[in-house]
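Morning, everyone. Have a look at the model on the screen, and I'll talk you through helix packing, domains and ligand shells.

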Amino acid sequence: MQVKDIYVSAPGKAILHGEHAVVHGKVALAVSLNLRTYLRLKATNTGKVCVNLPNIDTFLWWDLSELKQLIRHSSGKRDEVQLLDAELVRRLREFLGVTNETLDHCNMASLSFLYIYLLLFGQRELPSLTVSVWSELPTGAGLGSSAAYSVCLAASLLCASGAIPAPLNEWDHTARWCQEDLELINSWAFQGEMIIHGNPSGVDNAVGTWGGMLRFLAGKIIPLSRVPLLRILLTNTKEPRSTKVLVARVKDKINKFPSIMNPVLDSVDAISCTCERVLSEMTCEPITGEHYNILEELIDINQHHLNVMGVGHPALDVLCRLTLARGLHSKLTGAGGGGCGITLLRPETDSSIVQSTIQDLRDHGFDCWETSIGGPGVQQHTPISVKEEILEILNHY
Ligand SMILES: Nc1ncnc2c1ncn2[C@@H]1O[C@H](COP(=O)(O)OP(=O)(O)OP(=O)(O)O)[C@@H](O)[C@H]1O
Ligand SMILES: C[C@@](O)(CCO)CC(=O)[O-]
Ligand SMILES: [Mg+2]
């Protein structure tokens, strides 16, 4: 089977409020970033499937003949894409030599690729192809790198399998899919997330698919169209962590101390709802200092709650302390345990304060930059609409 070449991209995300609580049925508010993951899928006639993931130093290939063995006993196409095919996952783990303890980037990324590839093509002739991915996002740092990767895999492989059309017209440079196709992309990306995360809420892949700011509650996605322009500083503490491990840790704590932890989750839920109300007020009445005072207090309270959940880290404490010394408020974003934090900048925050804060954080060995939020969700690209330096990397393989 011959497939068509395609370039796609999907954004990373920052969670304003609700990380972890969202896994337990509470509200989360999340927003897409201007940092994206790009994927090129290229048809080949080598009889192989090649995967090039330079961000994580992973370059793998398999013969179609060995991959065919893996689908021999597969249960086939399932109607319910929300559940993993446990038997296929078990076979893939065995094939790749992944045990429960091996949580490294390479294994998780190859497992999720092969899982989606084999389920989409397994009932037909497997296509020979090369997939290359490059991301502007730090890997495993709380900015939704796994979701952006899964969304790109889902979109490109669904297109290649013919399950959804390629949306680009000859006169466009980028194009997005219709709502129904986006829902299919999102549900397949969720499966990739299940493999990487274990028990994802689905908020990250929803942002990667639709972009913008959204409210997420128990799988229900509500885009927030009326939101004020927020200035946010992103800091990567560079402390490595795994979302899968952290999500499992919070679950254990809730199981051990339900009467103590459930009120914390309820409080996080109330924080997300209050934040959403304040953001909406800011779009329909003059923005005042009091709006920002409330947003800052919500950030502080949530950061304490996340520490109570056990997903803080000394480096994140340093971030909060250093920024507070300049009058700025920060919290972790994503799964925590290291990784990234967000700092809210007030409109009147002087650029000299921002610059000296960034310098303080860099002096501590952190990466820090001001970001713009609300970028588009998953897109198809023509090659010339991909940044030159990224195109060079993708076309290198
Ligand atoms: N550019 C990439 N290339 C290949 N695999 C990637 C890439 N980015 C992320 N991944 C996959 O995602 C995993 C990291 O996912 P993880 O959920 O732990 O972090 P995150 O998504 O960055 O943070 P969070 O879930 O808190 O937002 C990696 O181990 C790898 O399997
Ligand atoms: C920690 C978590 O809430 C957010 C990770 O970005 C996990 C999830 O929602 O799947
Ligand atoms: Mg993730």
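Start with one helix pair. α4 passes α6 in a right-handed crossing. Handedness here is a matter of viewing: a crossing is left-handed if the near helix is turned anticlockwise from the far one by less than a right angle, and right-handed if clockwise. The contact takes Ala147, Ala148, Ser150 and Val151 from α4, and Asp204, Asn205, Gly208 and Thr209 from α6. Two residues are in contact if their C-beta atoms, placed from the backbone, lie within 7 Å. By class, that α4–α6 contact has three nonpolar, four polar and one charged residues. Nonpolar means Ala, Val, Leu, Ile, Met, Phe, Trp, Tyr, Cys and Pro; charged means Asp, Glu, Lys and Arg; the others, Gly among them, count as polar.

Now the ground rules. This is a predicted model, where local features need pLDDT of at least 70 and side-chain atom pairs count only at pLDDT 80 or more, while totals for chains, interfaces and linings use all residues. Residues are numbered from 1 along each chain as its sequence is written, and chains are lettered from A and ligands numbered from 1 in the order in which they are written. Helices (H or I, at least four residues) and strands (E, at least two) are DSSP runs, numbered from the N terminus.

Back to the pair. At what angle do α4 and α6 pack? About 55°, with their axes 8 Å apart. Axes are lines fitted to C-alpha atoms, for helices over the stretch in contact, and angles run from 0 to 180 degrees between N-to-C directions. α4 and α6 are therefore oblique to each other.

α6 has another partner, α5. The axes of α5 and α6 come within 9 Å and cross at roughly 140°. That crossing is right-handed. On the α5 side the contact uses Leu182, Ile185, Asn186, Ala189, Phe190 and Glu193; on the α6 side, Asp204, Asn205, Ala206, Gly208, Thr209 and Trp210. Its classes are six nonpolar, four polar and two charged.

Next pair: α8 (residues 258-284) and α9 (residues 289-308). They pack at about 160°, axes 10 Å apart. So α8 and α9 are roughly antiparallel. Their crossing is left-handed. Among the residues making the contact are Val264, Ile271 and Val278 of α8, and Ile294, Leu298 and Ile301 of α9. The contact of α8 with α9 divides into eleven nonpolar, five polar and one charged.

On to domains. The assignment gives domain 1 (6-222 + 375-395) and domain 2 (226-371). Those bounds come from an automatic or database domain assignment. The C-alpha centres of the two domains lie 27 Å apart.

Finally, the ligands. Which residues come nearest to ligand 1? Met108, Ser145, Ser146, Thr243 and Gly334, out of 26 around it. A residue is near a molecule if its C-beta atom, placed from the backbone, lies within 6 Å of it. Elements giving two or more residues are α3 (105-121), β5 (129-135), α4 (145-161) and α5 (179-197). α4 gives the most, with four. The ligand 1 shell splits into eleven nonpolar, 14 polar and one charged.

Ligand 2 has 15 residues around it, with Glu19, Pro200, Ser201, Gly334 and Ala335 nearest. α6 (203-210) and α7 (243-256) each supply at least two. The classes for ligand 2 are seven nonpolar, six polar and two charged.

Where do the shells sit relative to the domains? The ligand 1 shell draws at least three residues from each of domain 1 and domain 2. The ligand 2 shell also draws at least three from each of domain 1 and domain 2.

Conventions: Angles under 35 degrees count as roughly parallel, over 145 as roughly antiparallel, 65 to 115 as roughly perpendicular and the rest as oblique.
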